[in-house]
Structure formats: C-alpha cells, structure tokens
Amino acid sequence: MSSQNLQDFSLLMKDAIFLARNARPSPNPRVGAIILDKAGKIIGKGFHKNPGQPHAEINAILDAKKNLKSSKLKSSSQPLKDCTLVCTLEPCCTFGRTPPCTDAIIREGISHVVIGTKDPNPNVCGKGMLKLIENNIKITEGILSKDAEAMNEGYNYFINHKKPLIILKAAISLDGKISTEKKDSKWISNEKSRKIVHFLRSKYDAILVGSGTVLKDNPKLTSRIKNGINPLRVIIDSKLSIPISANVMNDKNVIIFTTSSCSKKKKEILEKKCINVVIAENNVVGSKKESKKEVSLKKVILHLSKMGITSILVEGGSKIYNSFLKQKLADKIILFIAPIIIGGKNSPSLLDEGFSTVKKSIKLHNYTFTQIDDNIMLEGFLDK
C-alpha cells in the first residue's frame, strides 16, 4: 500500500474518530464510520448514537444510500458495491440488540474495510475481520490505532476488568495542596487546564463528587465545550445535605448515593423530581458509643457498573480523594500541577493520611507529562 493511501486513510480515520465523539452509547464503544465510493469520494457518514440503536457502520450505509442521487445507482441491488468503509473499531460479528455489522457489509458488496483498532470484546476480537476476509473483503488495520483506542479508554477497561475505569482528577500546588486552609481553590489550575477538564467530562461516562464540593462550589458538573456530552452526575451525600435548588439538580441525569440515615422526606422530594436516590452504605464504627453510617464506594461502583457506566471521573473533594486512594479503588490519576506553593498544616491534599515508609507509598506507571502553559498535566495509572 502506498504512503499516499495510508496518509489519506489517516485523515479519514481522524474524521471518523471525530464523528464517534458525538455520542456515548455505553456500555457499547464509541464508533464512527465513513463510506467512500470507487473514486474515493465520501458518500456516507455515521456514528453509534445510543445503546440498542444502529451501529456506526449501519448509519454510514444508510447515509450513503440516501446521498446517492443517480437513478442508475438507485436501481442497483448493490449501490455500494466495491465501496470502501473506514471504521474506528472492528465491525461486530455477533447478534446482540442489533444484527452483526459484518453481515450488512458483506450484503452491500463493500470491498475494502479500513479499521482503526480491534474490538477487545472476546466475542468480536479478530473474528469480525476474519469473517470479512473469508468473504473476500480487503482489510487494512491499525490506522491511528492509538487515537482510536484512547477514545474508548473506558470501554476497553470495562471489557478487560468487568468494572468501570476510575480516574481521579485534581488541580494541585507544588506542595500537593488542593485548596487553602480556608477551602479556597479558585483557581489553582490555569484556564487551558480547565478547558481540558471539560473535554474529560465529555469523554467519560460519569463524574463523581462529594456533597462538600456541591455545598462549597454549587457546580453544574457539565461539559461546557462545543458539541460536548454531559456525563452522568454522581453525588456522594450520606445525609442528603445538598439543597434541592443546587445547580446540579437542574438535570435528571443525576444519581445520589446516600445512607439510611438520610432525610426520608427529602429523598421523596428528589425522587418526585425524577432524581435517582440510592442507598449504598457501610456501617463504620466511629467511637464506642456510636456507629457512623457512610456511603460504600465499592457499592457505588458496583451499582454504576450494572448501569453500564464504563468510566467515572472523580473530581473531589478531599474526603472523596482520600477514600478512593486509601481503599485503592482508583485506576488512573490526572493531575494539573500549578507553579504555586500554598502551604498550611491544615490545607487539604490528595491524601491526608500518609504512609509509614516510602516503600508503601502509591506509585504510578505508564505516566506522561504534558505542558499546559504554566501547568503540567500528569497522567498515569496507579499500582494496586
């Protein structure tokens, strides 16, 4: 294959990846597809919008047929014969809520399929391509594979580990503080870093915060970028202390995890507003005289997993960060490190309760550093 063809396919794959970002069909992967005619002209585009709806390949096929205006082509039983399909992910070959995409590709007479990356799902992985090859369809695999994989980071993790990918995101000072002693954190990170956070909110399925963050900042927890997709808002609130008028409550795409010690009346009011309230608690012994009820993060993750949530972006606050780190529930960390020193013995950090030895400390692997103006973005996976 010529370098020119590879370059052209790379540009097309980039467009297909951009298409795929327009939807979040969890627990299914995000997929985008483009169809070219024999002359290499784009005649159809599609992406997988929602679970249970047609996959990207089918939407691209339907779009191509709709766009073909020639009566000669209209009358053909295979108007897409010898066309090329560019797809970010290996086409499925199994029956689920929708028929196999490989069957449609074969039926339409498409002769060449360009694929970004294999589907890690063992029911599909390699089998979709094999089925196409057995039907004399040419396969070009691995075009912008890293970008295609990165777009489905949560899905890939979910398939391999049977649980959502948990990402801790925080802005910290050089001395590891997430706010001052008076809980002021606006703004530790710079403007460009904050824009990246909105892209992250659009990328991952859910965003999780504690009630303290809602009470202090009254955030909307939305993705404020063009064509951004708002995540499911997950709030940990053991006593349902956040006000019903909070900004985050202005959307039904919210779930609150609480305990049996919450206000029953407030729970009823929230549920009438179609806000999902789930009791998921641990009984944690506080002192000899009392037992303190707290939300079980393990039960939260299990519940969200059953909902088909493949990735959760944890945005704080301090108590939430500490709980995820101490319980070793986080898989990945994204830190925006600012060139400031906050200080203060009582200023909260990512992990207030330290380790007795360096050997026992939390370590990162597969980490990267990116300069964001005067900030450094650190991404890495946590050793368990």
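**Exercise 1.** Determine which residue of β16 is the bridge partner of F369 in this predicted model.

*Solution.* Begin with the strands: β15 covers residues 364-372 and pairs with β16 in the antiparallel sense, over 7 bridges. Within this pairing, F369 has L378 as its bridge partner in β16. Next, consider the connection: β15 and β16 form a hairpin with 2 residues between them. In that turn, D373 has a positive phi of about 55°.

**Exercise 2.** Identify the strand that 6 bridges join to β14, and state its direction relative to β14.

**Exercise 3.** Classify the aromatic pair of Y367 and F369 as stacked, tilted or edge-to-face, and classify each residue by its accessibility.

*Solution.* The structure holds 1 aromatic pair. Its members, Y367 and F369, lie 5.9 Å apart from centre to centre, with 70° between the planes. Because planes over 60 degrees apart count as edge-to-face, the pair of Y367 and F369 is edge-to-face. For accessibility, the cut-off for exposed is over 50%. F369 has a relative accessible area of 55%, so F369 is exposed. Y367, at 48%, therefore counts as partly exposed.

**Exercise 4.** Find the ring over which the charged end of K49 sits.

*Solution.* The ring belongs to F47, and the charged end of K49 is 5.9 Å from its centre.

Methods: Residues numbered from 1 in each chain as written. Predicted model: local features only at pLDDT ≥ 70, side-chain atom pairs only at ≥ 80, totals over all residues. Heavy atoms only, no water. Pairing = 2+ DSSP bridges. Helix = DSSP H or I, 4+ residues; strand = E, 2+ residues; numbered from the N terminus. Phe/Tyr/Trp six-rings, centres within 6.5 Å; stacked < 30°, edge-to-face > 60°. Buried < 20%, exposed > 50% of the residue type's maximum accessible area, 1.4 Å probe, protein only. Lys NZ or Arg CZ within 6 Å of the ring centre and 35° of its normal.
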